Structures are given as structure tokens and as C-alpha cells.
Amino acid sequence: MSYGSVASAGSDSKRHRVLPVPKAAASMKTFEPDSSIVSDVIPSPNYGDRNKGRLPDMIVLHYTGMPDVEGALARLCTTGTDVSAHYVVLEDGRIVQCVQEARRAWHAGTSFWAGEEDINSCSIGIEIVNRGHDWGYPDFPLRQIAAVIALCRGIMLRRNVPSHRVLAHSDVAPARKKDPGEKFPWHSMANSGVGHWVQPAPIMRGESLMLGSISDDVLHMQQALAKYGYGVPLSGKYDGTTMEVVSAFQRHFRPDRVDGVADHSTLATLEALLASLPPETKQVASK
Ligand SMILES: [Zn+2]
């Protein structure tokens, strides 16, 4: 694959490092970045209008899940791939904007959160460069996380995004997605005011709900997950979908053990999260 030169949106001082940019995007009209900490604009053709003028009030975090940044940028910025994101955060902390925040980027796919299915229309999508589970899943460098924090803080202020609506792709699509995964430092993010987090309850031996369980306790857990925002059946039956949602919950909020088994630690962490939601957060319709 061949690349043209980068379309820099910043001042000349920001041109010193050249990013690989797909040929198709090099000819696209550039735009003013929405955030002052964006170092480069690489316009993607893959976007549309937000449905019914919906304003974004959610941030969805992803990892790129590809072996290298060149391939990831090419995929996000090439016509026909049907994927894009508003921002890409590189491992060295540089931030690239590909789609204007006012537009609807195509990052979430089939998703659900808190009664809404068109997550692309209500969210800002941020791709964090990381090879992901299929390619060794390295740790996220600190300077990359610092950049994600700074970017999210700006978006939260400008767009009035509450902390509990800064989510993982796996939260809104638990059956299909694992990103950004259990190595993503949500606790560090929360220490800087980004995302909703409580210290996970300690993992101990004891009774657990798991695949195959049928009980009122399972129903209560499903109701609690649905109240937090997850798309989960309210059946009282611990089926495969329920297990995927519990795994997604663990990846985000109890990352020391991601096994889809609702042990005491998982359930206590979920209760603590619900108890610490802002009071105006209304109970949401389940899927
Ligand atoms: Zn994703």
C-alpha cells in the first residue's frame, strides 16, 4: 500500500513528524480540528450526519487491533471500508482527527447502551493505537493514556459528557467486541476525572452465578446490569448473552479476572457503581 504526505492542520511547528496517510485521504478537504491538542488532521470519507440532529453525549473508546498504525489509519480513512473514528491516539501521544465531531463517524457498529441503539449518532469515537488481543495485546504506554485523558477531558467539557458515559466498545457491543480490553487503565482515567469507576471489590472464594444458573438472583443481576446501561435479557436465566455482558462488565470494572462468572466481587462492584451514579441518572429501559 502506498501513502501520500500528511495533511497537517496545525502550525508549521507541528509538521515535523510525518504521518503515513492513505492516498485517498490526501486529496480530501481538510478541516479545523475540534480540539486544540490535535496534532494532525487526516480526513476520512467514512462519515454521515447524526440522526435527527442528535448531539453527542457519550465517548466510546476502542483499540485499533491491527499490527501497525499505518494499516489502522489506512483502514479508517479509505473509502469502502465503512469504518472510521473521530480521533486516533498514537502510542507516542500524538492525536489525529479523522472526522469532525459534528459528524457521525462509523466506529460502534451494532450496539446498545441505556436504551439507545444508534450509538454512532450519540457518541464520539476514539481509536487508541494498540495491536489488541489478536496480536499480543501490549500495555498502553503512559504518554498515550495521558493523551487520551486530555482529549476526553476536552470533549467532556465541550459536549457535556457525564463520566458514566465514557465507555468501552465492549460495553456497547459485548457479544462482538473486547476493546479496549482489560489492560486499559480505567482507574488512571478516573483519577484524572474521566470515566466512572469504583475500586473493585476484592475477589474471594464463595458462591457464584454462572452459565446455566436460573434464579431470582440472576434476574436481579440482569436488572442491575440493565440499570447501568448494558443490553442484557431480563430472563432470570444465565445464558450466553448474559455471560458476554458479565465479561464486558469485568473487562471494564473488575479487570483482574475476566471469566464471565458473576462472583461476589463482580456483583458488589456493580452495586457500588450503581450506588455512586449521579442522582439524576434515571433508570433506563432495558433491551
Ligand atoms: Zn472498537
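Predicted model: local features only at pLDDT ≥ 70, side-chain atom pairs only at ≥ 80, totals over all residues.
**Entry 1: strand 5 and strand 9**

I start with a term: two strands count as paired when DSSP finds at least two bridges between them. Strand 5 covers residues 58-63 and strand 9 covers residues 123-128. Six bridges join them, and the two strands run parallel. I noted two of the facing residues. Met58 has Ser123 of strand 9 as its bridge partner. Leu61 stands opposite Ile126 in strand 9.

**Entry 2: the other partner, and the whole sheet**

How many bridges join strand 6 to strand 9? I found three, and these strands also run parallel. Strand 6 takes in residues 87-89. Here Val88 stands opposite Glu127 of strand 9.

I checked strand 9 residue by residue. It is mostly covered, and six of its six residues are buried. The cut-off for buried is 20 or more other C-beta atoms within 10 Å of the residue's own. Side chains in a regular strand alternate between the two faces of the sheet. In strand 9, Ser123, Gly125 and Glu127 point one way. Ile124, Ile126 and Ile128 point the other way. Both sets are buried.

**Entry 3: the nonpolar cores**

I looked for the largest nonpolar core. It has 55 residues. Those with the most contacts inside it are Ile59, Leu73, Val88, Val89, Ile126 and Leu151. Which helix gives the most to this core? It is helix 4 (residues 142-159), with seven residues.

**Entry 4: helix 4**

I compared its length with the expected one. Helix 4 has 18 residues and reaches 25 Å from its first C-alpha to its last. That is close to the 26 Å expected at 1.5 Å a residue.

Then I listed its buried residues: Gln144, Ile145, Ala147, Val148, Leu151, Cys152, Ile155 and Met156. They cover an arc of only 165° around the axis, which puts them on the same side of helix 4. An α-helix has 3.6 residues a turn, so residues three or four places apart point the same way. On the other side of helix 4, Leu142 and Leu157 are exposed.

What do the buried residues of helix 4 pack against? I found strand 5, strand 6, strand 7 (95-97), strand 9, strand 10 and helix 6 (186-191). Just after helix 4, Asn160 takes a positive phi of about 60°.

**Entry 5: helix 9**

I ran the length check again. Helix 9 (residues 264-275) has 12 residues and should span 16 Å at 1.5 Å a residue. Its end C-alpha atoms are 16 Å apart, which agrees. Its buried residues are Thr266, Thr269, Leu270 and Leu273. They cover an arc of only 100° around the axis, so they sit on the same side of helix 9. Their cover includes helix 7 and helix 8.

**Entry 6: a loop residue**

I went to the loop between helix 7 (216-228) and helix 8 (240-253), where Leu234 is found. Leu234 has 15 other C-beta atoms within 10 Å, so it is partly exposed. Buried would need 20 or more, and exposed 12 or fewer. Leu234 and Gln223 are 11 residues apart in sequence. In space they are 6.4 Å apart, C-alpha to C-alpha.

**Entry 7: the chain as a whole**

I closed with totals. The protein chain has nine helices and 10 strands. It has 287 residues, and 44% count as buried.

Last came confidence. The mean pLDDT of the chain is 92, and 90% of its residues reach 70 or more. Over residues 1-15 the pLDDT is below 50. Beyond near neighbours in sequence, this stretch has 35 contacts in the model.

Methods. Residues numbered from 1 in each chain as written. Core = buried A, V, L, I, M, F, W, Y, C linked by C-beta atoms within 7 Å. Helix = DSSP H or I, 4+ residues; strand = E, 2+ residues; numbered from the N terminus. Expected span 1.5 Å × (residues − 1). Arc of directions from axis to C-beta. Contact = placed C-beta atoms within 7 Å. pLDDT = per-residue confidence, 0-100.
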